Amino acid sequence: MSVTRVVVLALVVVLAAGCGGEPSPASKGETAAAKAPAAVDAARLTAANAEGGNWMSYGRTYDEQRFSPLKQITADNVSQLGLAWHYDLDTAHRAQESTPLVIDGVMYVTGAWSKVFALDARTGKELWRYDPQVPGEWGVHACCDVVNRGVAAWNGKLYLGTLDGRLIALDAATGKPVWTVQTTDPSQPYTITAAPRVVKGKVLIGNGGAEMGVRGYFSAYDADTGKLAWRFYTVPGDPSKPFEAPILEKAAKTWKGQWWKYGGGGTVWDAMAYDPKLDLLYIGTGNGSPWNAAIRSPGGGDNLFLSSIIALRPDTGEYVWHYQTTPGESWDFTATQHLILADIAIDGRPRQVIMQAPKNGFFYVLDRATGELISAKNYAVVNWATGIDMKTGRPIENPASRYGTTGKPWISMPGPGGAHNWQPMAFSPLTGLVYLPVTDIAFPYFPDTHFVVNHQGFNVGADFAKGALPEDPKAVAQILATMKGHLAAWNPATQTEAWRVEFPLPWNGGVLATAGNLVFQGTAMGDFVAYRADSGAKLWSTQTQTGVLAPPMSYDVDGEQYVALEVGWGGAFGLAAGQLARDTHIKGNTPRVLVYKLNGQDKLPPPETPAALPLNPPPETATAAVAEEGKVLYSRSCGTCHGDSAVSGGVITDLRYSVALGNDQLFQSIVHDGAYKAKGMAPFASDFGPAEIEKIRAYIIHRAHQQLAIDAAAAKH
Ligand code: CA
């Protein structure tokens, strides 16, 4: 049997009552354009909910609800929504994951390779653009595409985290850098893809890299000067050296072996939220590095603070409380997913909650003052645990799921793509529902019995060659048929699903909820859809020509409401899932910002039709055994970008069609020496010698000939 390789009534937002003085609402006689660019301060951000027309921070408000109070566009008139303007992003045809900020009539949006664009929010006219010139070869350190999720704004500046670990303050008027700091050790494979946040004059940023072998941490920098204010490490370092914080000495007791040599992981690569009244900053931490707990911490242990929600003091980075979703994490079950703060009634009692639907498939509702677990329930199909023990707060694991300990493969629901990944959910205080993009994909974890640490690419302790897709296309089709996705409306008070919309495809976009009784979401097939927030009834849909991952947002300028969406497909699934990704998204990948309003009259140009490449591999001269050795190397180091089993998901080069396949010297110059590093293909000389690279070439040639046979058989019918 083939294995399936497949890869959160609010009464009132507490923030509005929070600290920090009076809001500074856009005064009625003043036009947006008269304000200084990005004139955002503590008072405005704390009272952001009162400024319905602006979207001044990644999740709109510090509670990260992604709920727009605008209601010009409603369930009754959304059928008249039309394109207002579009803007072509100059970024390469890669995943686009940004949430645009719109502040006083100006949109600030980012794209792949950490590029920033300032646009007139009424017309889409470009005001300026900024390219931080991320070296192409840094892309190899990005587990999940060369993406960026947006900027933060504060006192006339914008803050950008770059893929290669820099934090850059830009003058919001001109896009010119004001200061730059390197937040990471450039000799380590760290990346930044998250949007920073600004709290009390400090810019907050984490990083990624827990697939590659790094130690997670989270930093605060002075917004004016770029000086480091504090840093919180999420996992302990070498215990023979002083611990950076007292809490890490306690955390170290939950680890075994020599984890620090592997990095340990726990990277804070996306979610943050802030409660001004409690003065607590919340972060989510990532998976262990490597994934395989038996390698990382032999003999077990919870491995704090992997896969945890942590509350910190924003002034000092002091630890307050944590909740660990997945003790002894071994499956890439990050808890970096979207964190939402809300006040909801549970069992007739008002509760201040923090909510998360992390990758592991359970929806958690915690008391955000204390970290107390209020409830947890699976929101997707889960087989690695049967539930959460409410006495201990721990998952009730299926022992067979610990592939590193059993030494046997484990086919898991969910897998490393998560039942919910980074794509933001949304909470409507009007319906009391969380709108959650869910994926239902299984994944086979095989223990890596020959674990070696590579300089380039993944180091996870799971054998991707053994877990690779079957070569029989019929078997792949069977796996494809099991893959699904859905949009769930989840009631966090009762931990029940109010409604769902099923999709045939798994890897879809983030979500926006609005006061117009609407929920907006884009899909892998390029559809941008509006649903009734209370019932899930589909009300409106348009075709964007490109697969969608990014979440929509809404703003108004001069009394007109707009809904904006970035399109561009790729990401972890788009790159790594090979044939499964190739067949599960719309062809064509034109990165754009699309903005809609009632009776918008703009039109997109005709869709791109990607040219079909000839499949013309050189003769197969290597033995099957050599090609098989090449498969192991390919699966370890190449497949996470170029696709499982040498089939591209359609985002970047399909190596079977590469002209370099028939030119061994060109192939060596690219793979060994980095001839295409500016284009994003890093050199692999640190991991592979020429003989090993030749084996990889033999494997790809073998796969190209298999495709030729499939094409020939199809041509006969
Ligand atoms: Ca991960």
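Mentor: Let's start with Cys641: its closest cysteine sulfur is in Cys144, 9.0 Å away, which is too far for a bond. Keep in mind that this is a predicted model.
Trainee: And Cys638, which cysteine sulfur is closest to that one?
Mentor: That would be the sulfur in Cys641, but at 9.2 Å the two are too far apart for a bond.
Trainee: Is Cys638 buried or exposed?
Mentor: Cys638 is buried, because its relative accessible area is 14% and the cut-off for buried is under 20%.
Trainee: OK, so how many disulfides does a search of the whole structure find?
Mentor: One. Cys143 and Cys144 form it, with their sulfur atoms 2.2 Å apart.
Trainee: What's the handedness of the link between Cys143 and Cys144?
Mentor: Left-handed, with -105° about the S-S bond.
Trainee: How accessible are those two?
Mentor: Cys143 is partly exposed at 22% relative accessibility, and Cys144 is partly exposed too, at 27%.
Trainee: Where do Asn287 and Asp332 sit?
Mentor: Asn287 is in the loop between strands S17 (280–284) and S18 (288–289), while Asp332 is in the loop between strands S20 (319–324) and S21 (339–346). They are 45 residues apart, so the pair links distant parts of the chain.
Trainee: Buried or exposed, those two?
Mentor: Asn287 is buried at 1% relative accessibility, and Asp332 is buried at 6%.

Note on methods
Residues are numbered from 1 along each chain as its sequence is written. This is a predicted model: local features need pLDDT of at least 70, side-chain atom pairs count only at pLDDT 80 or more; totals for chains, interfaces and linings use all residues. Side-chain values use heavy atoms; hydrogens and water are left out. A disulfide is a pair of cysteine sulfur atoms within 2.5 Å. Buried means under 20% relative accessible area, exposed over 50%, partly exposed in between (1.4 Å probe, protein chains only). Helices (H or I, at least four residues) and strands (E, at least two) are DSSP runs, numbered from the N terminus.
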